[in-house]
Amino acid sequence: MILPFSSLNLSSGGNPQDFFWGCLPFVATPPEVVHRMLKLAKVSPSDIVMDLGCGDGRILLSALSDFGARMAVGYEIRGDLIKEALAMFESKNLIDRVKLIKGDLLSADLSEASVIAIYLTGTGNDKLRSKFEEEVKPGTRIVSHDFGVDGWKPAKVECFGGHKIYLYIMPEALRENNRKPSLGLLKFLARRVDRSGLS
Ligand SMILES: C[S@@+](CC[C@H](N)C(=O)[O-])C[C@H]1O[C@@H](n2cnc3c(N)ncnc32)[C@H](O)[C@@H]1O
């Protein structure tokens, strides 16, 4: 029996002290959910799609072969999975359009991504939240399988065959409601002004 990741009791309801990135197991997103995630994020040929904790590379493969994404970038801590994914992309002649990095997703360079896929945990998403808020460019879509990002406002949530898919669009996800900007949104905008040299 294949258990969904969410049944592993690693959600944000658990004690963050019990959580270690290294213990975050490889649980693959089923193909039909992968497709739904990328469809929800409206992946197109202009996109650079990133998967943080890319496992066997299936989300990246679908982004390239089903949605024609320009480039796919994956970060994965496990060398055996990177090796497996590399062999798969080579066999499909897609190696020129994919970049796989063996390393910690917390050190990922998010600046070029236009779509970021995650299937981590509530605690994992908590750890990534400030990195996202600081590093992604405006318009980036973040699509998360089964776990939402606390404090963010999803553009859409889809329930699909027992799975949940959350779509966030930056920086709108940081808006508390349609009128009132959150502190996170104000900080995001201030950083953009800083970087553009307008300050
Ligand atoms: C639930 S799996 C998701 C795999 C893939 N994204 C998918 O949806 O099919 C989480 C993945 O994150 C990887 N991982 C865990 N901690 C990591 C870290 N600190 N840096 C990079 N990858 C990590 C795991 O090895 C695993 O492959």
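Gly-162 sits in the loop that links strand 6 (156-160) to strand 7 (163-169). From Gly-162 to Asp-146 there are 16 residues in sequence, and 9.2 Å in space, C-alpha to C-alpha.

A word on the ground rules. This is a predicted model, where local features need pLDDT of at least 70 and side-chain atom pairs count only at pLDDT 80 or more, while totals for chains, interfaces and linings use all residues. Numbering starts from 1 along each chain as its sequence is written.

Now the overall layout. The protein has five helices and seven strands, taken as DSSP runs (H or I, at least four residues, for helices; E, at least two, for strands) and numbered from the N terminus. Along the sequence they go α-β-α-β-α-β-β-α-β-β-β-α. Of the 199 residues, 37% are buried. Looking at contacts with a separation of 6 or more, 64% are between residues 24 or more positions apart; a contact means C-beta atoms, placed from the backbone, within 7 Å.

How are the strands arranged? Seven of them make an open, mixed sheet in the order 3-2-1-4-5-7-6, with pairing called when DSSP finds at least two bridges between two strands. Strand 3 (98-102) and strand 6 are at the edges with a single partner strand each, so one side of each has no neighbour in the sheet. On average, neighbouring strands are turned by 15° against each other, direction ignored.

Here are two pairs of elements from this part of the fold:

| Pair | Value |
|---|---|
| Strand 5 (141-145) and strand 7, antiparallel | five bridges |
| Helix 3 (79-91) and strand 3 | about 165° |

Finally, the ligand. Which residues come nearest to it? Of the 22 around it, they are Phe-26, Thr-29, Gly-53, Gly-55 and Tyr-119, where being around the ligand means a backbone-placed C-beta atom within 6 Å. Helix 2 (58-65) and strand 2 (71-76) are the elements giving two or more residues to this shell. By class, the shell holds 13 nonpolar, four polar and five charged residues; nonpolar covers Ala, Val, Leu, Ile, Met, Phe, Trp, Tyr, Cys and Pro, charged covers Asp, Glu, Lys and Arg, and the others, Gly among them, are polar.

Notes
Buried ≥ 20, exposed ≤ 12 C-beta atoms within 10 Å, placed from the backbone. Contact = placed C-beta atoms within 7 Å. Axes fitted to C-alpha atoms, helices over the stretch in contact; angles between N-to-C directions.
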